[in-house]
Structures are given as C-alpha cells and as structure tokens.
Amino acid sequence: MGASQARTEHPYQDLMDKTGFSLEQIKNLQKRFQQLSGNKDTVSKEDLASIPALDNNPLRKQIITAFFDKRNQHENQVGFFEEIGFEQFVMVMSHFRAPTLKTSEEEREVMRKEKLRFLFNMHDTDNDGTITLEEYRKVVEELLSKSGALGLEAAKAIADAAMLEVASTNVPHMAPDDFYEGITFEHFEQILKGLEMETRMHIRFLDVDTTTMRCGKTTS
Ligand SMILES: [Ca+2]
C-alpha cells in the first residue's frame with residue numbers, strides 16, 4: 001500500500017537534518033532567498049551585494065565570496081560557484097546558526113569547529129591549508145583601508161607585526177631568520193580558543209525584514 005512515505009513529512013527534512021535548522025528557520029531563509037534572488041532559482045554575487053546590512057561590514061567582500069566557496073558545502077569540493085541555489089545558500093547559512101538551550105555539548109563543539117573552519121577558509125584563499133602572511137595582509141589591508149585612516153604601508157606593518165606575534169606564540173623558539181609558513185588550522189583554533197565562537201557569528205547581517213528573520217530564541 002502507500003505507507004512507504006512516512007519519513008517524507010515535508011520536502012525540507014533532508015536539509016533540516018543536514019543543517020540543524022528548524023522548519024521555521026528554513027522557511028524564513030526561503031523567504032529571504034526569494035527576496036534576494038528576485039524569485040529566481042539561484043542568487044549571484046550581485047544579488048548578495050545588494051544586502052544593505054552588509055554595506056558597512058568591513059569583511060563584506062569576504063563574506064559574499066564565502067557563499068560561493070565550494071568548501072562551505074561540506075562535500076569535499078573546492079573552487080567557486082557562479083551562482084548558488086537555495087539548498088547551497090542554506091548550507092552556508094548553517095555556519096551562522098546559534099546554539100539553543102537544547103544544543104548538547106557535543107553539538108556545540110561541532111558548531112564551533114565548523115565556524116572556525118568557515119573563518120579559516122575565508123582567510124586561506126588559495127586553500128593550501130595555511131594562512132600565509134600574504135593572505136593575512138590582504139585581509140588587514142582591506143579592513144584598514146575601509147577606515148581610510150591608514151596608508152597601505154602602515155597596514156602592511158600592522159599585519160606583519162600581528163603575524164610575527166602569532167608566529168612567536170606558535171613556534172616559541174623560532175630564530176629571527178626562520179621562515180614562518182603561516183597559520184595552520186590547528187594554530188588558528190589555538191589562537192581563537194578563548195573566543196566563544198559558537199555563540200558569535202550569527203546571522204544578523206542578513207536581516208532585511210527583522211520580524212521574519214529572528215532565528216532561534218537568542219534573547220528572552
Ligand atoms: Ca593559503
């Protein structure tokens with residue numbers, strides 16, 4: 001008889017299992033996706049660039065790029081999409097999911113790791129497993145150039161100094177002439193150990209209609 005469909009209560013079950021989002025959250029994201037895409041099946045970089053809340057975000061370019069980075073789909077693929085569909089959009093958004101009261105300690109740890117990996121990938125633009133001084137410089141330059149207060153040389157010097165500090169804490173006995181290859185993911189985790197990543201990195205920046213975008217019960 002027709003009793004074989006018990007598991008498919010709704011079309012988003014699979015996506016819910018994969019991302020940990022509730023049905024309500026996925027529906028909210030779908031509304032958001034429709035707005036962004038203008039009711040098309042995919043969104044482009046230009047579509048995401050139109051998000052007003054991102055205008056003042058110093059990492060705007062990196063955030064938008066991250067949506068099209070195949071590494072953030074957890075399918076062991078690298079490279080970039082030209083456009084992404086709804087499911088891919090939700091997969092990226094799942095990195096911004098906040099823990100709830102029901103989130104177990106184990107799940108928190110997984111969330112934390114995924115967020116860190118997302119951030120790491122954002123900096124490791126050539127995907128070789130380390131954030132080199134060059135890659136790090138680019139981010140710092142971008143951050144500082146937005147403020148307009150510092151010249152390029154000053155930005156470079158700040159990036160170099162910060163990197164040197166990272167290098168010296170990770171490789172305590174490094175001689176001045178030793179070459180520091182860059183930050184590995186393990187180092188990166190170490191550096192950000194004190195930060196409660198699982199509750200940071202939320203999705204406020206994607207709000208448009210705030211009444212439909214309150215994901216989870218973050219405050220109450
Ligand atoms: Ca790299």
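User: Why is E107 called partly exposed in this predicted model?

Analyst: The model is a predicted one. E107 has 14 C-beta neighbours inside 10 Å. A residue is buried with 20 or more such neighbours and exposed with 12 or fewer. The value of 14 lies in between, and therefore E107 counts as partly exposed.

User: Where does E107 lie, and how far is E107 from G20 in space?

Analyst: E107 belongs to helix α6, which spans residues 105-123.

User: Which residues of helix α5 are buried, and what puts them on the same side of α5?

Analyst: In helix α5 (residues 86-93), the buried residues are F89, V90 and M93. They cover an arc of only 95° around the axis, so they are on the same side of α5. In general, an α-helix has 3.6 residues a turn, which means that residues three or four places apart point the same way.

User: What do the buried residues of α5 pack against?

Analyst: Their partners are the helices α1 (13-19) and α2 (23-37), together with the strands β1 (42-43) and β2 (84-85).

User: How many helices and strands does the chain have, and in what order do they run?

Analyst: There are nine helices and four strands. Starting at the N terminus, the order is α-α-β-α-α-β-α-α-β-α-α-β-α.

User: What share of the chain is buried?

Analyst: Of the 220 residues in the chain, 18% are buried.

Definitions and conventions:
Residues numbered from 1 in each chain as written. Predicted model: local features only at pLDDT ≥ 70, side-chain atom pairs only at ≥ 80, totals over all residues. Helix = DSSP H or I, 4+ residues; strand = E, 2+ residues; numbered from the N terminus. Arc of directions from axis to C-beta. Contact = placed C-beta atoms within 7 Å.
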